[in-house]
Amino acid sequence: MDCFLFKHGMRRSFLLIIFLITVFKAVAQELPLKKEPVFQAGEVLEYKLKYGFITAAEATIKVLNSDLKFDNKPTFNLVVDARTSGTFDIFYKIRDHYDSYIDKDTLTPYFYQENVREASYKRQDKARFTQSAKKVVSNRGTFTAPTDQTFDLVSAYYFSRSLDISKMKPGDLFKLNYFLGDNIHQLEIRYVGRETVKSKLGNIRCLKFSPSIEPGRIFRKDSNLYLWITDDGNRVPVKAQVEILVGAVTMEIKSANGLKYPLAKEN
């Protein structure tokens with residue numbers, strides 16, 4: 001039963017659990033960005049995904065300077081590699097790679113591609129974003145976006161980290177529009193408050209959020225997804241936890257290198 005849930009839920013939840021963890025977009029308005037990105041080229045974050053007490057998968061997320069220009073604008077290349085580990089790698093091998101090219105100023109995406117290999121399942125998708133036209137063109141079709149700030153999952157993660165969220169209060173709700181597969185989706189996120197999280201990097205002061213999730217084959221109707229990001233200039237995700245039909249899946253940070261600011265560690 002545990003293996004069945006992990007295998008059939010992984011394809012839809014793995015990338016969501018890793019990336020839909022720090023994304024904020026106000027309803028009917030644009031939240032302002034900080035004066036400059038909170039991340040920089042050379043940043044490398046490593047995470048592990050645990051099912052119960054077992055490490056099921058690992059992911060590396062990094063920021064690179066790119067030689068590619070879109071609309072004559074310089075870009076960052078955001079790169080993600082995810083893979084199963086341990087016994088999970090035996091019965092359901094995952095080797096996923098994702099690229100997103102974002103504007104260095106607006107942090108919105110121009111181009112996204114993914115190479116997904118999960119057991120016998122393989123998929124290669126590409127998408128071109130034209131924010132001014134509110135349009136996404138992928139190898140699966142052309143889609144109209146509701147706003148001029150629509151993201152793939154990777155770019156959403158980095159954009160959100162640089163938002164000015166200084167005026168948020170516990171209970172505030174936000175929404176994000178993101179393109180995934182063959183549709184544009186919306187996610188609602190609630191700010192919970194502040195907590196200190198014990199991690200491999202030490203005890204870190206964090207902001208806690210609760211994104212909405214859809215019940216189905218992997219999530220219960222009353223399942224909760226919680227995430228914690230550093231309460232400092234970096235806004236780095238430290239931990240995420242979601243309840244599933246049997247047990248829980250937890251994401252924990254393993255290492256953080258090339259950060260722009262010191263972490264909010266407690267003495």
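The legends below describe close-up views of a predicted model.

**Figure 1. Overview of the protein chain.** The protein has 267 residues, and 51% of them count as buried. Its secondary structure consists of three helices and 14 strands. Among contacts between residues at least 6 apart in sequence, 54% join residues at least 24 apart.

**Figure 2. Helix 3 and its covered residues.** Helix 3 spans residues 153-161 and is mostly covered, with nine of its nine residues buried. Among the buried residues are Leu-153, Tyr-157, Tyr-158 and Phe-159, together with Ser-155, Ser-160 and Arg-161. At the start of the helix, the backbone nitrogen of Val-154 has a side-chain oxygen of Asp-152 within 2.9 Å.

**Figure 3. The largest nonpolar core.** In soluble globular proteins, nonpolar side chains tend to be buried together. The largest nonpolar core of this model has 61 residues. Phe-39, Tyr-47, Tyr-158 and Phe-209 have the most contacts inside this core. Helix 3 gives the most to the core, with six residues. Leaving out residues up to four places away in sequence, Phe-39 touches Val-63, Phe-76, Ile-102, Leu-107, Tyr-158, Arg-161, Ser-162 and Lys-260. Tyr-158, one of these partners of Phe-39, is a buried residue of helix 3.

Figure 4. Gln-40 sits in the loop between helix 1 (2-19) and strand 1 (44-51). Because its relative accessible area is 30%, Gln-40 is classed as partly exposed. Residues up to four places away in sequence aside, Gln-40 touches Val-63, Gly-258, Leu-259 and Lys-260. Gln-40 and Val-63 are 23 residues apart along the chain, and their C-alpha atoms are separated by 6.8 Å.

Figure 5. Thr-108 is found in the loop between strand 4 (94-103) and strand 5. Thr-108 counts as buried because its relative accessibility is 9%. Its side chain makes a polar contact of 2.8 Å with the side chain of Thr-106. Not counting residues up to four places away in sequence, Thr-108 touches Tyr-101, Ile-102, Asp-103, Gln-131, Gln-149, Phe-151 and Phe-159. One of these partners, Phe-159, is among the buried residues of helix 3. The C-alpha atoms of Thr-108 and Asp-148 are separated by 9.1 Å, and the two residues are 40 apart along the chain.

**Figure 6. Thr-230 in strand 12.** Thr-230 lies in strand 12, which covers residues 225-230. With a relative accessibility of 0%, Thr-230 counts as buried. The side chain of Thr-230 makes a polar contact of 2.7 Å with the side chain of Asp-232. The Thr-230 side chain also reaches the backbone nitrogen of Arg-235, at 3.2 Å. Apart from neighbours within four places in sequence, Thr-230 is in contact with Ile-204, Arg-205, Cys-206, Arg-235, Val-236, Val-238 and Leu-263.

**Figure 7. Two loop residues with positive phi.** Most residues other than glycine have a negative phi. Asp-71 is not a glycine, yet its phi is positive, at about 55°. Asp-71 lies in the loop between strand 2 (54-70) and strand 3 (73-84). Asp-71 is exposed because its relative accessible area is 55%. Arg-235 is not a glycine either, and its phi is positive at about 55°. Arg-235 is found in the loop between strand 12 and strand 13 (237-243). Arg-235 counts as buried because its relative accessibility is 10%. The backbone nitrogen of Arg-235 is the atom that the side chain of Thr-230 reaches at 3.2 Å.

**Figure 8. The second largest cavity.** Rolling a probe the size of a water molecule over the atoms shows where empty space is left. The structure holds two cavities of 30 Å³ or more. The second largest cavity has a volume of about 80 Å³. Twelve residues line this cavity, and Tyr-112, Glu-114, Phe-179, Leu-180 and Gly-181 lie nearest its centre. Strand 5 (109-118), strand 6 (121-130) and strand 9 (173-180) are the elements that give two or more residues to the lining. Strand 6 gives the most, with three residues. By class, the lining has six nonpolar, two polar and four charged residues.

Note on methods. Residues numbered from 1 in each chain as written. Predicted model: local features only at pLDDT ≥ 70, side-chain atom pairs only at ≥ 80, totals over all residues. Heavy atoms only, no water. Helix = DSSP H or I, 4+ residues; strand = E, 2+ residues; numbered from the N terminus. Buried < 20%, exposed > 50% of the residue type's maximum accessible area, 1.4 Å probe, protein only. Polar contact = N/O pair within 3.5 Å; in protein donor to acceptor, adjacent residues only side chain to side chain. Contact = heavy atoms within 4.5 Å. Core = buried A, V, L, I, M, F, W, Y, C linked by side-chain atoms within 4.5 Å. 1 Å grid on protein atoms, 1.4 Å probe; cavity = no way out; pocket = protein on both sides within 12 Å on 5 of 7 lines; lining within 4 Å. Points joined across faces, edges and corners; volume = space filled by probe spheres on them. Nonpolar A, V, L, I, M, F, W, Y, C, P; charged D, E, K, R; others polar.
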